Amino acid sequence: MKRVIILLGSVLLSPVAESQTTPFAEPRSVQTPDWSLLSLANIMQLIQSRHIKLWYAGRAQDWDLINFESDHISDDLTSAAMLYKNIPLEFVSNANRALARLKKAAKERNIQGLQAAYTDLTTSCNSCHAAGGVAFIRIQPPTHMPFTNQKF
Ligand code: HEC
């Protein structure tokens, strides 16, 4: 019984994951993952995957998926800015503005707006890379879909 109460307590006290979009994605307890998992480059790898999926979600006019991926990129960038103290917030804001415009275009079913916002998002990736001394990490719209196990 005591164990159940402790478990329940930790569930109730656990913070809601920033990127939680479904009830299933709520964390069970307060656990700090290995710091190396949260390296800036690893967070960026996740963002890179989502940047690809966002492109194909746009092509498929899958409005829900566009919203989902936009929210997750935004949350991941916000986490990066919170974890890494030297990240200039204006670059995160630029990306977040482009993501908000993507969501707005999706809501309005505005394909041209979607394309323009995606271009601005990609520019915001590269602007921060240039400012951060990693201009050699050049992001572009994907040329093929690596995630063949997901339907778009
Ligand atoms: C606020 C700044 C900032 C923004 C915005 C940003 N990045 Fe990055 N990104 C970085 C920094 C800094 C690094 C290098 C990290 C390091 O030195 O380990 C990086 C690294 C990367 C890497 C290399 C990861 C690896 O291990 O190979 C990829 C890919 C990447 N970013 C993709 C993106 C994409 C896609 C976007 C836009 C959707 C984006 N980034 C937006 C700052 C940013």
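Colleague: Why is His129 called buried?

Modeller: Buried means under 20% relative accessible area, exposed over 50%, and partly exposed in between, with a 1.4 Å probe and protein chains only. His129 has 12% relative accessibility, so His129 counts as buried. The model is a predicted one, in which local features need pLDDT of at least 70 and side-chain atom pairs count only at pLDDT 80 or more, while totals for chains, interfaces and linings use all residues. Residues are numbered from 1 along each chain as its sequence is written, and side-chain values use heavy atoms, with hydrogens and water left out.

Colleague: Why does Met44 count as partly exposed?

Modeller: Met44 has 27% relative accessibility and therefore counts as partly exposed.

Colleague: How do you know which protein atoms are donors of the iron atom of the ligand?

Modeller: Donors are N, O and S atoms within 2.8 Å of the metal (3.2 Å for Na, K and Ca); water is not among the atoms, so sites may look incomplete. The protein donors are SD of Met44 and NE2 of His129, which lie 2.0 to 2.3 Å from the iron atom. Met44 belongs to helix H2 and His129 to helix H5, so this pair, 85 residues apart, links distant parts of the chain. Here helices (H or I, at least four residues) and strands (E, at least two) are DSSP runs, numbered from the N terminus.

Colleague: What makes the arrangement around the iron atom octahedral?

Modeller: Six donors count as octahedral if opposite donors are over 155 degrees apart and all others between 65 and 115; four count as square planar on those terms, or as tetrahedral if all angles lie between 85 and 135 degrees, and anything else is irregular. The 6 donor atoms subtend angles of 87 to 179°, and the arrangement is therefore octahedral.

Colleague: Why is the pair of Trp55 and Tyr118 called tilted?

Modeller: Rings of Phe, Tyr and Trp (its six-membered ring) pair if their centres lie within 6.5 Å; planes under 30 degrees apart count as stacked, over 60 as edge-to-face and the rest as tilted. The structure holds 2 aromatic pairs. In the pair of Trp55 and Tyr118 the centres are 5.1 Å apart and the planes stand at 55°, so the pair is tilted. Trp55 lies in helix H2 and Tyr118 in helix H5, so parts 63 residues apart in sequence are tied together.

Colleague: What makes the pair of Tyr56 and Phe152 edge-to-face?

Modeller: Their ring centres are 6.5 Å apart and their planes are at 70°, so this pair is edge-to-face. Tyr56 is buried, with a relative accessible area of 10%, whereas Phe152 is partly exposed at 32%.
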